[in-house]
Structures are given as structure tokens and as C-alpha cells.
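I opened my notebook to look around this structure for the first time. Here is what I looked up, entry by entry.

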Amino acid sequence: MQDTSLWFPYAQMKNLEVNYEVETGEGPYIQLTNGMKLLDATCSWWCMIHGYRHPEITQIIHDQADKLAHVMLGGLKNQPATALAKKLVEITPDGLNHVFFSDSGSVGMEVAMKMAVQFWQNQGQTKKYKMASLMRAYHGDTTGCMSVCDPEEGMHSLFSGLLPKHHFAPAPTASFDAPAEAVASDIAELRKVFEQHHEEIAGFLVEPLLQAAGGLNMYSPIYLQEARKLCDEFEILFIFDEVATGFGRTGKLFAAEYAEVTPDIMVLSKGLTGGYIGHAATLANERVFNAFWDDDAGKAFMHGPTFMGNPLACAVALKSIEVFERDNYLDKIADLNQLLKEELLGFRHEAVLNTRVLGAAAVIEVKDAKALHGVQDFAISHGVWLRSFDRYLYTMPPYIISADQLQKITSVMKAWFTTS
């Protein structure tokens with residue numbers, strides 16, 4: 001009889017067979033219990049930026065666990081949480097001077113949305129309780145986050161009766177390198193949404209430059225620059241979801257740097273701890289923070305995750321950032337970007353719609369999702385772990401991967417179309 005004690009995500013459990021069990025990992029590889037060794041092309045949902053069993057990160061987990069694994073942040077503080085908050089203020093765009101911790105990217109986004117609504121409530125603007133978001137957006141699977149994901153595509157439409165209704169602008173269409181005139185129509189559509197609904201919009205949420213789970217849509221930094229102006233004009237907080245883009249994925253430490261734009265609120269997770277333990281940070285600027293700074297206790301921010309500021313997670317995040325900076329990861333990512341462009345841009349096949357590359361992220365988009373049926377097993381047979389979704393065959397590898405290893409991944413991606 002099938003064992004269904006472990007319930008898997010995004011999968012029909014009836015007759016589901018998961019035959020690949022991971023025993024250990026090393027660098028960019030995962031080792032299965034059946035003896036197979038696979039190159040991880042997906043970075044375990046984009047978070048294992050240092051690869052597996054990084055010796056320094058593994059050691060810091062042991063060291064911190066010997067001191068203090070967890071303590072509540074309510075009425076108490078701990079040294080790793082304090083140090084990480086200071087470090088994040090140092091490395092993020094200027095002006096993001098206040099850090100609120102939580103335990104996952106989805107919760108970090110929930111925090112951002114609640115922060116935006118209460119920001120306006122604390123100033124007596126009680127009508128501003130809605131969000132504006134983009135089509136093709138993905139911000140997480142919790143209820144509040146689902147409500148600001150694309151309402152028409154993907155699994156979240158299943159819950160439309162449960163979710164609050166927010167406002168959506170079309171997804172940006174101008175590519176990363178597009179000139180200003182090509183971005184104008186995208187911004188015009190955003191302006192329409194703001195003009196019609198700004199009186200009730202508290203915040204505008206974007207995944208800057210890379211809508212990841214929405215199909216790896218890569219768009220222009222000019223869009224962020226112009227959106228910043230619109231948010232200021234219509235009194236809307238600008239919120240960056242850098243859960244997937246933060247810590248180098250787009251080629252800079254944070255995607256915001258391409259546009260030289262500072263959001264009012266920024267959310268980080270995934271690469272924050274290098275994937276070694278769940279944690280998230282929601283950063284805010286002085287304007288946002290000061291709306292909560294008051295003699296009135298009722299104006300304090302009303303949120304408090306149990307595991308926020310977890311000292312084990314914060315110690316890991318500090319070590320992860322240390323390794324990132326010391327080992328010049330941005331240079332590594334630039335090399336990966338060049339190789340991905342050489343290998344995938346311009347790849348042609350009758351089933352392929354186009355290919356895109358930004359930083360250490362690359363995708364082959366097909367015309368019909370059926371063209372990718374069976375690709376996972378094909379890749380495994382060639383020693384690579386690939387997990388496509390919908391019409392997108394992508395790689396977001398760990399940054400420590402070698403050129404030869406990355407070339408193996410791209411070769412398998414292309415071979416699916418030319419030999420299968």
C-alpha cells in the first residue's frame with residue numbers, strides 16, 4: 001500500500017511515486033540513496049547559493065547551537081539578531097535602516113503588507129488598505145500573499161473566493177535592455193491603476209527585474225525608476241520582494257541596484273541564509289519606521305512571529321554574507337552570466353519560444369508545456385536535477401558551480417530538445 005504519511009507540495013498524491021531520496025549533498029551536487037549523484041540546477045528552489053555542506057556554514061550551525069538555538073525576541077534580544085540587523089542595514093540600498101525578522105519569504109511579505117497598511121492607519125488614512133501588484137507576480141503561498149499573486153494564472157485562482165481583492169497592473173513587457181520609449185506603455189498602464197485607485201492603495205509590490213515563479217519574466221530597470229516616481233506622486237509605498245532576486249541572483253547584490261532605486265520596504269529570504277535554515281527580513285526606511293514611533297502603544301507594529309530573530313538562523317545568515325563578500329561572489333555570478341548567455345541565448349528549436357538570461361538565472365520558454373513532459377527524468381538520466389514548471393525549463397545554479405558543471409547543465413537542457 002502506498003505510504004501517504006508525507007504529503008508533497010504541488011503534486012497529486014494519488015499514485016504518486018517519489019523515487020529519489022536525497023541522502024547528502026556536497027558543493028553543487030545532491031547524493032541520492034540509490035547511489036546517483038546529481039548536479040542541482042535549481043539550487044533547491046533558488047536558495048542554496050553556496051551549495052551543500054559548506055564547511056564554514058555547517059560549523060557555525062554547530063557553534064551557535066552549542067550557545068543558543070532559540071530565544072523569543074519579545075522583551076529579549078540576542079547578539080546574532082542584533083549583528084545581522086546592522087549588517088543588513090549596511091549592505092542594502094541607502095535608507096533601509098530598520099529590520100523586522102520573520103521565518104520565511106511568504107511571512108516576510110505578509111509583514112510588508114501589514115506594515116504598509118498600518119503605516120497609513122497610524123496617520124489617520126484609514127481608506128488605504130489595499131495593495132497594487134503585477135500580473136505574473138508570485139509573492140508566496142500564504143493567504144495574504146496569494147491575494148497579490150497573479151489572480152488568473154496558477155494555483156491561486158483555486159482560492160479566489162477566500163482571498164481579498166487587490167489591484168493589478170499588467171506585467172512589464174519591455175525587456176531588461178529596452179530603451180525608455182519601450183517602457184513607456186508599461187508605465188502608462190501602471191499610472192492608470194494608480195489614478196483610479198490610489199486613494200485605497202497602501203503599497204505597490206514588485207519582484208524587481210525578475211518575476212521568478214511567474215515565468216522568469218525579465219524586465220527593465222527603467223520600469224522601477226518610473227514606478228518609484230508614480231508611488232511618490234500618488235502617495236503609495238513602494239515594496240520590493242527580493243526573496244528570489246536578493247543576494248546576487250540578478251547579477252548585483254540586490255536587483256534594486258540596477259535602477260538605483262530605494263524602495264520604502266524590502267523583503268529578503270532564500271539566499272539570506274544560503275538556504276541552510278529558514279529566515280526572512282523585512283526592511284523599512286525612516287519614513288515608514290517613524291510612523292510607528294509614538295507615545296501611543298497602539299501605534300506599535302502589530303506582528304510577532306515566534307521564530308523571528310532566531311539566533312541560529314541569524315548566525316547562519318551572517319556567515320553566509322561573510323562568505324559571499326569574502327569570496328567575491330559577484331565576480332563568480334558575472335562569469336556564470338556570461339556562460340549562460342553563450343550557451344542559451346539564441347538557442348533555436350521548433351518547440352522553443354525564446355530564451356532569457358539575467359545574472360545567474362536562465363530559462364528556455366517553450367510554446368506548449370507538453371514539450372517539457374518527461375524532461376525531469378531525462379535530466380536525471382544524464383546526471384542533472386532539473387525541475388521545470390509550466391512552459392519554463394530553467395536553471396538557477398549555486399554560485400560555487402564551476403564552468404564545466406554549468407556547461408553540463410545547459411547541455412542537458414538543450415539536449416532535451418535535440419535528442420529526446
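Predicted model: local features only at pLDDT ≥ 70, side-chain atom pairs only at ≥ 80, totals over all residues.

**Entry 1: a bridge and its sheet**

I began with Asp40, whose bridge partner in β15 is Trp385. Residues are numbered from 1 along each chain as its sequence is written, and side-chain values use heavy atoms, leaving out hydrogens and water.

Strand β3 (residues 37-40) runs parallel to β15, and 2 bridges join them. I noted that two strands pair if DSSP finds at least two bridges between them. Stepping back, I found an open sheet of 4 strands in the order β1-β2-β3-β15, with mixed pairing. Its edge strands are β1 (22-26) and β15 (384-385), each pairing on one side only.

**Entry 2: the seven-stranded sheet**

Next I traced another open sheet, with 7 strands in the order β4-β12-β11-β10-β7-β5-β6 and mixed pairing. β4 (96-102) and β6 (167-169) are the edge strands, each with pairing on one side only. From one strand to the next, the twist averages 20 degrees. For such angles, axes are lines fitted to C-alpha atoms, for helices over the stretch in contact, and the angles run from 0 to 180 degrees between N-to-C directions.

I then checked the pairs:

- β4 and β12 (residues 280-285) are antiparallel and share 6 bridges, with Val99 partnered by Leu283 in β12.
- β10 and β11 (residues 265-268) are parallel, joined by 3 bridges, and Ile239 stands opposite Ile265 in β11.
- β7 and β10 are parallel, joined by 4 bridges, with Phe240 in β10 as the bridge partner of Val206.
- β5 (residues 130-134) and β7 (residues 201-206) pair in the parallel sense over 3 bridges, and Met131 stands opposite Gly203 in β7.

**Entry 3: how covered is β10?**

How many residues of β10 are buried? I found that 5 of the 5 residues in β10 (237-241) are buried, buried meaning under 20% relative accessible area, exposed over 50% and partly exposed in between (1.4 Å probe, protein chains only). In a regular strand the side chains alternate between the two faces of the sheet. Here Leu237, Ile239 and Asp241 point one way, and Phe238 and Phe240 the other way. β4 is also mostly covered, with 5 of its 7 residues buried.

**Entry 4: Cys314 and its helix**

Cys314 sits in helix α10 (residues 311-326). Is Cys314 buried or exposed? It counts as buried, because its relative accessibility is 0%. Apart from neighbours within four places in sequence, Cys314 is in contact (heavy atoms within 4.5 Å) with Pro80, Ala81, Leu84, Phe101, His279 and Gly309.

I followed that to helix α3 (residues 79-91), which packs with α10 at about 35 degrees, with the axes 8 Å apart. The crossing of α3 and α10 is left-handed, meaning that the near helix is turned anticlockwise from the far one by less than a right angle, and clockwise for right-handed. By class, their contact has 12 nonpolar, no polar and 2 charged residues. Nonpolar covers Ala, Val, Leu, Ile, Met, Phe, Trp, Tyr, Cys and Pro; charged covers Asp, Glu, Lys and Arg; the others, Gly among them, are polar.

**Entry 5: α11 and α13**

The axes of α11 (residues 329-344) and α13 (residues 403-419) come within 10 Å and cross at roughly 30 degrees. The residues in their contact divide into 7 nonpolar, 3 polar and 2 charged.

**Entry 6: two positive phi values**

Most residues other than glycine have a negative phi, and most peptide bonds are trans. I noted Asn15, with a positive phi near 65 degrees, in the segment before β1. Asn15 is exposed, at 64% relative accessible area. Asn328 has a positive phi near 55 degrees and lies in the loop between α10 and α11. With 45% relative accessible area, Asn328 is partly exposed.
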